[in-house]
Amino acid sequence: MSMRMTRRRFLEGTLALVCVGGGYVFWNRRQRLRKQIREHFSYLQLERGAVRSFLRDYEQANGLGSAQTAGHSGLARKFLLSTDFFHFDPDESRTIRYSRLADPFVNPCYNPLASFR
Amino acid sequence: MTSPRYDLILVGSSFASSMFLYEYLRHAKPDARVLVLERGALEEHRWQVEHRHEVHGRHKSSFVNRSPKGWFFRLAFGGASNCWWACVPRMLPEDFELETRYGVGADWPLGYDELEEYYCLAEEIMEVSGPSADSPFPRSRPYPQEPHKLSTTDEVLKAAYPDRFFVQPTARPRRTTASGRLSCCANGVCHHCPIDSKFSILNGMRELYDDPRVEIQLLARAETVDVAGSHATGVHYLQGGAGRFARGDVIGLGANALFNPHLLMRSGLDGPAVGEGLVEQVSVSVNVNLDGLDNLLGSTVITGHGYMVYPGEHRKQRAAGLIETFNYMSVRDVRGRWHQRMALKFIFEDLRQAKNRVLPGDDKDPRPRTLFRSRSAYAMAAIDALDETVDDVLSPLPVEDVTIKSPNESESHILGTAIMGNDPETSVVDRDLIHHRVRNLLVLGGSAFPTAAPANPTLTISALSLRAAREMFGS
């Protein structure tokens, strides 16, 4: 039995290709972003999954794709603030864990730089 | 149909009106009737936080800006209290005598001592946190709350300038207030404080509007004050597309310094001083990288107040400035030197100039228009000297480099368009904020300021309104 290329099938196929291609581009950029942040802090020991968790929460708060349009330095600094790096005296030899997104509208009273006592 | 009659009609529900209402209700008879006309909606705090991107900039369509700068404010129940950062310094005694002491600007028709009691009252209403024992202003009572904690760089400045550097007084509470506002947790987004910590009319004075004597009409835009001879008889307002009229024995305009003069002009109460002298302080943000000194550990977003270039003889030549030190949650992107940076803001006074003004709209477009040609040479002299000023002021700190930004677009402190004074030829209201000619009409708020001192004006606006209400009953 031969498959005939109808107009409908052609459009469905094109749409599927666009979705797969778009998804790949998005995934690829996300991978690149993770790599960039990890490289930015190459002198730190980041817990596995820390950058992924940060990017997930960041985009949940700011919209899908927002991390890709954010400035690199700003994103990197926000990542570091979102880890437990500043919970203690910054210690580069310690494994750094993701804590919570440093965003006042998501975690209003999370500020590892302030002191209230 | 007869129009309803009220003992008091207030236009606006921000600090100017709400503080007046607070004191008015303490003295008013049990069957008094008060009408408050608010052109904005009542937007609950949670709604404001969730819709913060929509709210921002919404005010711009309410006036025509013919200025090279912006004018920021909020149109909603509670007005500016929704978006302010709750900084509440008093003006210095010398700010009330600018002309006498320094030969520039104007004197106020009342002095610091006459306002001191009302400053205290306003601080109590807002449950202000501040440094009672170490304050730049003479005080008769302590602040309701203990001061916030300075940051590490503030501590260095405090040691270097013991009489010129202080903890900032603020209505961002140091501890949970008696009224239930949570302590400030330095999240740095006070314009939409996510935990509703800073004082606002919504969270601090809302009960005034539940008083059975008070009726509030929302989305009600005052159009004109009806005046017969030297007596105001009521207010025409628009609500839901329909024109309405309310009669009032006393009328208080508590809108901002764009809309107060506009209402006066539309009501035929124009004169040489009405709308003239539109002014704001000029602020400049400064970022500093430090060499070997960390900046952290403050307990609120703006921790310090520097008076190093505020009082003094330099005010004869150039504007005084107030310095704010910030405690933002941000780090420097330099390995091992994360905290070696600081952010400051220099806020300079400006002088009223006749060429800067609010103009009335016309039949085609009735919105007020701002015409702002330039800042004064007096303010610009301070801005021009800022490089040198920053070097001097920060000399106790190990500064690596400094970035001085362009002046900010607006300080959200619009002032000076219906000023108080003793001379009806050059001012609009008297020292009690009563219109010189129409003696049952008060013009409250920042429009009455004859000068624009560096201090944030809200506490002074509040104190003036409290005083005006009490004086009205006293007389």
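Over all chains, a search of the whole structure finds 25 aromatic pairs. Rings of Phe, Tyr and Trp (its six-membered ring) pair if their centres lie within 6.5 Å; planes under 30 degrees apart are stacked, over 60 edge-to-face, the rest tilted. The model is predicted: local features need pLDDT of at least 70, side-chain atom pairs count only at pLDDT 80 or more, and totals for chains, interfaces and linings use all residues. Residues are numbered from 1 along each chain as its sequence is written, chains are lettered from A and ligands numbered from 1 in the order written, and side-chain values use heavy atoms, without hydrogens and water.

B:F77 and B:Y209 form an edge-to-face pair, 4.8 Å centre to centre with 85 degrees between the planes. This pair links distant parts of the chain, 132 residues apart. B:Y112 and B:Y119 form a tilted pair, with centres 5.8 Å apart and planes at 45 degrees.

The table lists relative accessible areas; buried means under 20%, exposed over 50%, partly exposed in between (1.4 Å probe, protein chains only).

| Residue | Relative accessible area | Class |
|---|---|---|
| B:F77 | 2% | buried |
| B:Y209 | 9% | buried |
| B:Y112 | 4% | buried |
| B:Y119 | 0% | buried |
| A:L11 | 48% | partly exposed |

In chain A, ring pairs link A:F41, A:Y43, A:F54, A:Y58, A:F79 and A:Y98 into a cluster.

Charges also meet rings (NZ of Lys or CZ of Arg within 6 Å of the ring centre and within 35 degrees of the ring normal). The charged end of B:R52 sits over the A:F105 ring, 3.7 Å from its centre. B:K69 has its charged end over the ring of B:W71, 3.6 Å from the centre.

Terms used. Helices (H or I, at least four residues) and strands (E, at least two) are DSSP runs, numbered from the N terminus.
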